[in-house]
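Visitor: I am new to this structure. Please show me how to read it, one feature at a time.

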Amino acid sequence: MCLAVPGKVLDIEERDGTRMATVDFGGVVKEVCLEYVPDLKVGEYAIVHVGFALQRLDEESARHTLALFEELGLLQEEFGDPWEAAAAPEGGDGAGGTPPAVRNDGSREVSR
Amino acid sequence: MKYLEEFQNPELARRLLDEIRATVTRPWALMEVCGGQTHTIIRHGIDQLLPDQVELIHGPGCPVCVTPLEVIDKALEIAARPDVIFCSFGDMLRVPGSDRDLFQVRGHGGDVRVVYSPLDALKIAQQNPHREVVFFGIGFETTAPPNAMTVHQARKLGIPNFSMLVSHVRVPPAIEAIMTSPSCRVQAFLAAGHVCSVMGMGEYPELADRFQVPIVVTGFEPLDILEGIRRTVRQLERGEHTVDNAYPRAVRSEGNPAAQAMLADVFEVTDRAWRGIGTIPASGWRLSERYRDFDAEYRFSVDGITTREPAACRSGEVLQGLIKPHECEAFGTTCTPRSPLGATMVSSEGACAAYYLYRRLGTTPTPQEASPVA
C-alpha cells in the first residue's frame, strides 16, 4: 500500500467542492482526488496513491513504471480482490500460483 | 548475469553495474528504506548482481510491518463491535494481532470492508448514518496526506459517524534511530522516492551532515535502484555525504507543499512505537486537537489492551537490518505468508515476504528460483 502507481487522467470534474478525476491505471479505472495536484490536466499522468494524485509524472516514465508494476504483480495487489488474496491457500505468496487477476466484481470501478 | 535480461533495458543496467564495479574499492553497507524497493531488489536479483563489496540492508520502510501490535489489537477490537463498519486497505487483512486478524474478525461476523481510498470509507459513512464507520489510518508520509484530507473533509461535510484509527509514521526519525543504534552498520541510505514526492528533500541534509551518510533519493524500477546505488557508492568512495536526487521525474526538492500544509493542519507529531523496534521519539503523527472528535481511540474505549508478541518472531531484527529474513529460525517453517508470525511475512512490502516469494532461503538460488513461481 505504500507504493504509488502512475495513472492517466481521463476526465476531471468538481464534486462536493473537491476536484476529482477519472484515472486509468493500465486498464483499471478509478476515481482520484486532485486536490494535491490541482493543475493536473486531462491526458497528463500523475503518481497516485490510495486515490490521491501526489505528483505529476511524464508519460514515458509512467508507462515504464506501469509495465514494471504489472510484471511484478503489484497492480493485482493494488486493484485485485483482497479478500480472495487473503483467503487463498498460501495467500498469493508464490507457492500457490500467480496473484489473483484484477476483476470487475461490481463493487469496483469500471475496468477497461 | 542471466537476470539482467529481465531488465527493461539490460544494456543500461550492465553499464550501471560496470560503473559501480569500477568505482568500488572497499566494502560498503547501504540501506534501502522502502519495502517496495526491497521487492524490486530481490525480484530482479540486484543484490546478487552487485559486486561483493556492496551490501544492501533492508530497512523498516513497510508501514504494515511497523504498525505496533497494540494498534492492530485496538483495530481488531473496534472492528469486532456490532455497531461498527471497519474500513481498511487490503494488505492489513492478514496482519496478525495477539490472537486473530481482520480476516478472522470478518469471519466471526464483523463488518470489515476493504477500501481503495480513505475517501471510500467517508462515502460509506455518508451512506450509513446510523453506523459508526472507522478507517484504519496507517502509513508513511505517502499515505498520511490522503488520510489527512479525508479527516478534513469529514469535518467540512459534518459527518459525525466517521472516525480514524491513526498510526502514521515518519521516515527521518527512523533514519536517526537506525544511525544512533550501537549495532548500526549502515553507511548510506537509498531514500524512499514516493515519501520524498510528498515531503521533498528538506528533512535530509541535517541527517546526512550529522551522521556523515550519503542519502540518495531513489525510485522503484530496477534501473532506478541501480542508479541510486551507483550515486551512493560514488559518494562513499569520495568521502562525500550529501543529499542527492536520483528520482527527479517524481521528486521535486520542495515536495508537494499542498500535501505538507494539510498534514500540518490535521496531524501533530508524536512519539510512536514501531513493531519489533520500539518507541522512536517524534516518529509519528496523531490527529491534532482540532480533529480530536474524529479520533477513533478517543471515540472507542480500547485502552488497557494486553498484547502477546510471538517469541519466535525476529521481525524487529529484520526491520533494523540486523539479520536477513532467512536467518530467522521460524522463516518458511512456522512462519509463512499463510500463517505469519509477524507482519514482515504477510505484508506485500515486507522483507520476509519478498524472500519467501522469490525463494531466498539462504542458499544461492538458480535463476529459476529467483523468479516468482508461476
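Guide: Over all chains, the structure holds 34 salt bridges. It is a predicted model, where local features need pLDDT of at least 70 and side-chain atom pairs count only at pLDDT 80 or more, while totals for chains, interfaces and linings use all residues. Residues are numbered from 1 along each chain as its sequence is written, chains are lettered from A and ligands numbered from 1 in the order in which they are written, and side-chain values use heavy atoms, with hydrogens and water left out.

Visitor: What is a salt bridge?

Guide: Side chains of opposite charge can pair when their charged atoms come close. The rule asks for a side-chain nitrogen of Lys or Arg within 4 Å of a carboxyl oxygen of Asp or Glu. Glu55(B) and Arg185(B) form such a pair, at 2.9 Å from N to O. Glu55(B) is in strand β2 (residues 54-61) of chain B, and Arg185(B) is in the loop between α9 and β7 (188-192) of chain B, 130 residues apart. Helices (H or I, at least four residues) and strands (E, at least two) are DSSP runs, numbered from the N terminus.

Visitor: In what order do the strands of the open sheet in chain B stand?

Guide: Two strands pair if DSSP finds at least two bridges between them. The order of the six strands in chain B is β4-β3-β5-β6-β11-β10, with mixed pairing. β4 (111-114) and β10 (267-274) of chain B each have a single partner strand, so one side of each is left without a neighbour in the sheet.

Visitor: How many bridges join β10(B) to β11 of chain B?

Guide: Seven, and β10(B) and β11 (residues 278-287) of chain B run antiparallel. Trp274(B) stands opposite Gly278(B) in β11(B). Helix α13 (residues 257-266) of chain B lies across β10 and β11 of chain B, at about 80° to β10(B). Such angles run from 0 to 180 degrees between N-to-C directions, with axes fitted to C-alpha atoms, for helices over the stretch in contact.

Visitor: How many residues does each chain bring to the contact?

Guide: Contact means heavy atoms within 4.5 Å. Chain B gives 59 residues and chain A gives 50 residues. Buried area is the accessible area (1.4 Å probe) that two parts lose on being put together, summed over both. Between chain B and chain A this comes to about 4,400 Å², with 62% from carbon and sulfur atoms.
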